[in-house]
Amino acid sequence: ANSDSIDILLGNGNENCVVAGNGWQDYTDMVNWAASNDLSSSANYEYLSTLMDMENFATYTAAEIVVGNTDTGNIKYWRSSETDHKWRWLFYDFCWAMNRNDNNPDTTTVGYRRDFFTRYFHPDGQGAGRATNNQLVRALLNNATFRQLFLEKVALMLNEVYTPEKILAKVDELQNN
């Protein structure tokens with residue numbers, strides 16, 4: 001691939017988080033457009049679907065929530081003009097996932113008891129200090145097609161990808177190393 005054809009952003013999509021290319025303004029414009037338009041409208045959802053890979057985003061979001069990543073501001077996403085030029089998210093930096101800090105009495109935000117759905121969709125933002133913008137996913141959940149896709153990805157993560165058996169087997173494997 002031609003390196004000039006790729007935009008890679010990390011973090012919250014601001015100008016200071018450009019790894020390659022110059023797509024930060026397009027990404028920011030897309031998020032702002034999604035937040036200010038009714039995505040329950042099929043036409044608006046279809047338009048947004050021309051800018052981002054909905055299945056990839058639903059999978060990424062479901063995985064972030066199911067593993068309980070509390071540092072969701074560590075995001076990497078990209079697009080390439082050599083493909084369909086849609087934004088896609090990369091799995092990156094899950095070091096604060098499955099974190100069991102039980103020192104805080106707030107059972108919605110601490111350790112294995114955490115309510116990650118509430119944390120992820122909080123109106124003020126998500127992640128550490130609620131510093132990560134979540135307008136895009138919150139706007140998309142107003143659309144029945146995306147909501148169904150997202151719920152299917154959550155079910156996939158819970159029932160196939162991150163089952164207790166698979167997680168415990170991986171922990172045992174790593175511990176044996």
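Helices H1 and H2 (residues 42-49) pack at an angle of about 170 degrees, and their axes lie 11 Å apart. Here helices (H or I, at least four residues) and strands (E, at least two) are DSSP runs, numbered from the N terminus. Axes are lines fitted to C-alpha atoms, for helices over the stretch in contact, with angles running from 0 to 180 degrees between N-to-C directions. This is a predicted model, in which local features need pLDDT of at least 70 and side-chain atom pairs count only at pLDDT 80 or more, while totals for chains, interfaces and linings use all residues. Residues are numbered from 1 along each chain as its sequence is written, and side-chain values use heavy atoms, with hydrogens and water left out.

H1 and H2 are therefore roughly antiparallel to each other; angles under 35 degrees count as roughly parallel, over 145 as roughly antiparallel, 65 to 115 as roughly perpendicular and the rest as oblique. Their crossing is left-handed, a term used if the near helix is turned anticlockwise from the far one by less than a right angle, with right-handed used if clockwise. On the H1 side the contact (heavy atoms within 4.5 Å) is made by Met30, Trp33 and Ala34, and on the H2 side by Asn44, Tyr47 and Leu48. These residues divide into five nonpolar, one polar and no charged, where Ala, Val, Leu, Ile, Met, Phe, Trp, Tyr, Cys and Pro count as nonpolar, Asp, Glu, Lys and Arg as charged, and the others, Gly among them, as polar.

By class, the H3 contact with H6 has 13 nonpolar, two polar and two charged residues.

Turning to the aromatic side chains, a search of the whole structure finds 10 aromatic pairs. Rings of Phe, Tyr and Trp (its six-membered ring) pair if their centres lie within 6.5 Å; planes under 30 degrees apart count as stacked, over 60 as edge-to-face and the rest as tilted. The rings of Tyr27 and Trp87 have their centres 5.4 Å apart and their planes at 80 degrees, so this pair is edge-to-face. It links distant parts of the chain, with Tyr27 in H1 (residues 24-36) and Trp87 in the loop between strand E3 (76-80) and strand E4 (88-90), 60 residues apart. Tyr27 and Trp87 are both buried; buried means under 20% relative accessible area, exposed over 50% and partly exposed in between (1.4 Å probe, protein chains only).

Phe57 and Trp89 form a tilted pair, at 4.5 Å centre to centre and 55 degrees between the planes. Phe57 lies in H3 (residues 54-66) and Trp89 in E4, so the pair ties together parts that are 32 residues apart in sequence. Phe57 and Trp89 are buried. One aromatic cluster is formed by Tyr27, Phe57, Tyr77, Trp87, Trp89, Phe146 and Phe150.

Two loop residues complete the picture. His85, in the loop between E3 and E4, has a positive phi of about 65 degrees although it is not a glycine. His85 is partly exposed, with a relative accessible area of 32%. Thr163 sits in the loop between H6 (144-161) and helix H7 (164-176) and, at 11% relative accessibility, counts as buried. Not counting residues up to four places away in sequence, Thr163 touches Met157 and Leu158.
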